[in-house]
Amino acid sequence: MLKGKTALVTGSTSGIGLGIAQALAAQGANLILNGFGDADGARREAEQAGNGIRVGYHGADMSRPAEIEEMMRYADSEFGGVDILVNNAGIQHVANIEDFPVERWDAVIAINLTSAFHTTRLALPGMKQKNWGRIINIASAHGLVASAQKSAYVAAKHGIVGLTKVTALETAQTGITANAICPGWVLTPLVQKQVDARAEREGIPVEQAKRELVMEKQPSGQFVTPQELGALAVFLASDAAAQVRGAAWNMDGGWVAQ
Ligand code: NAD
């Protein structure tokens, strides 16, 4: 379905980004991977998921605009541009506002929000030229509702939902769509850290901390999986989703229905 398209997935060396990259690869899209994790491992998994696709990697630090520009130039010169842009790279920091380290605030906003502005502004001219593009921003249930101790993350995720809507409006009469996906809890390295912190804080086994963390927010009691999110990204990239524009689509076990 996506043969001949190129997808750039930021933060795709693990977790949700890798799951989405594999799902797009399975539909025939070429991939540009990015992230600080095991790049060779991610590349192998992506190549296995796709049949004869091209897989590239760029190690841009998504908190640095100059490196993002370099990555987009690499996409242009090596792949003829980006057709499907998945803004996924993200970090978390948990603290009360008055204790929130200023440097952590800046990093969360830069990586989780500002990087998507840079990739979007640099990808749009090429997409407009082809009159086809898909921008998929990985927001969060925290793009729709808040939790205490997550000021920077919640601000960035609400921000990226807003950026998604503006992008969708500015491209409304083109073949480019922009949408956000708002996952609930997914058991990735980002969340494992929060599970481990909870187990230590409360002196409980890790398995119990995991169950309690999910149940606190998600009525289903089940984690969302990177594979399920990959399937939603594939749908948003498909022709059937041509008129899905500016949506903030939650996949969250019922979290924001409450
Ligand atoms: P993860 O830690 O598994 O993956 C994050 C990816 O981003 C990794 O590849 C990491 O190397 C990369 N990354 C981090 N900082 C970077 C930087 N400065 N430059 C480039 N890459 C960088 O986490 P995840 O849970 O898969 O998170 C992916 C996205 O999904 C994030 O935006 C996160 O906010 C969002 N999300 C996660 C959950 C969840 O429960 N895990 C829920 C909702 C939304």
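Predicted model: local features only at pLDDT ≥ 70, side-chain atom pairs only at ≥ 80, totals over all residues.
Residues are numbered from 1 along each chain as its sequence is written, and side-chain values use heavy atoms, with hydrogens and water left out.

**Entry 1, the ligand.** I looked up which residues come nearest to the ligand and found T13, N88, Y153, V186 and T188, out of 31 residues around it (a residue is near a molecule or strand if one of its heavy atoms lies within 4 Å of it). I then went through pairs of polar atoms, where a polar contact is a pair of N or O atoms within 3.5 Å; within protein, one must be able to donate a hydrogen and the other to accept it, and residues adjacent in sequence count only if both atoms are side-chain atoms. A polar side-chain atom of S14 lies 2.8 Å from an oxygen atom of the ligand, and a polar backbone atom of N88 is 2.7 Å from a ligand oxygen. For G184 I noted a backbone N or O atom at 3.4 Å from an oxygen atom of the ligand. Taken alone the ligand exposes 820 Å², of which the protein buries 93%; accessible areas come from the Shrake-Rupley method with a 1.4 Å probe, and for residues only the protein chains shown count as cover. The elements giving two or more residues to the shell are α1, α5 and α6 (189-202), and the largest share, 3 residues, comes from α6. Here helices (H or I, at least four residues) and strands (E, at least two) are DSSP runs, numbered from the N terminus.

I checked the span of α8 (residues 226-237), which has 12 residues and reaches 16 Å from its first C-alpha to its last, close to the 16 Å expected at 1.5 Å a residue; the expected span is 1.5 Å times one less than the number of residues. In α8 I found P226, L229, G230, L232, A233, V234, L236 and A237 buried, where buried means under 20% relative accessible area, exposed over 50%, and partly exposed in between (1.4 Å probe, protein chains only). The buried residues of α8 pack against α1 (15-26), β4 (84-87), β5 (133-138), β6 and β7 (248-251), contact meaning heavy atoms within 4.5 Å.

The side chain of S147 makes a polar contact of 2.6 Å with that of H142 and another of 2.9 Å with the side chain of K217. Not counting residues up to four places away in sequence, S147 touches H142, V154, K217 and W255. Q149 is found in the loop between β5 and α5 as well, and its phi is near 70 degrees, a positive value in a residue other than glycine. I had this in mind when checking phi: most residues other than glycine have a negative phi. Q149 counts as partly exposed because its relative accessible area is 36%.

N131, in the loop between α4 (102-130) and β5, has a positive phi of about 50 degrees although it is not a glycine, and its 45% relative accessibility makes it partly exposed. T174 lies in the loop between α5 (151-170) and β6 (176-183) and touches N131 and R245, not counting residues up to four places away in sequence. At 22% relative accessibility, T174 counts as partly exposed.

Q92 lies in the loop between β4 and α4 and is buried at 16% relative accessibility; beyond its neighbours up to four places away, it touches K150, Y153, L190 and Q194. K3, in the segment before β1 (6-9), is exposed, with a relative accessible area of 70%.
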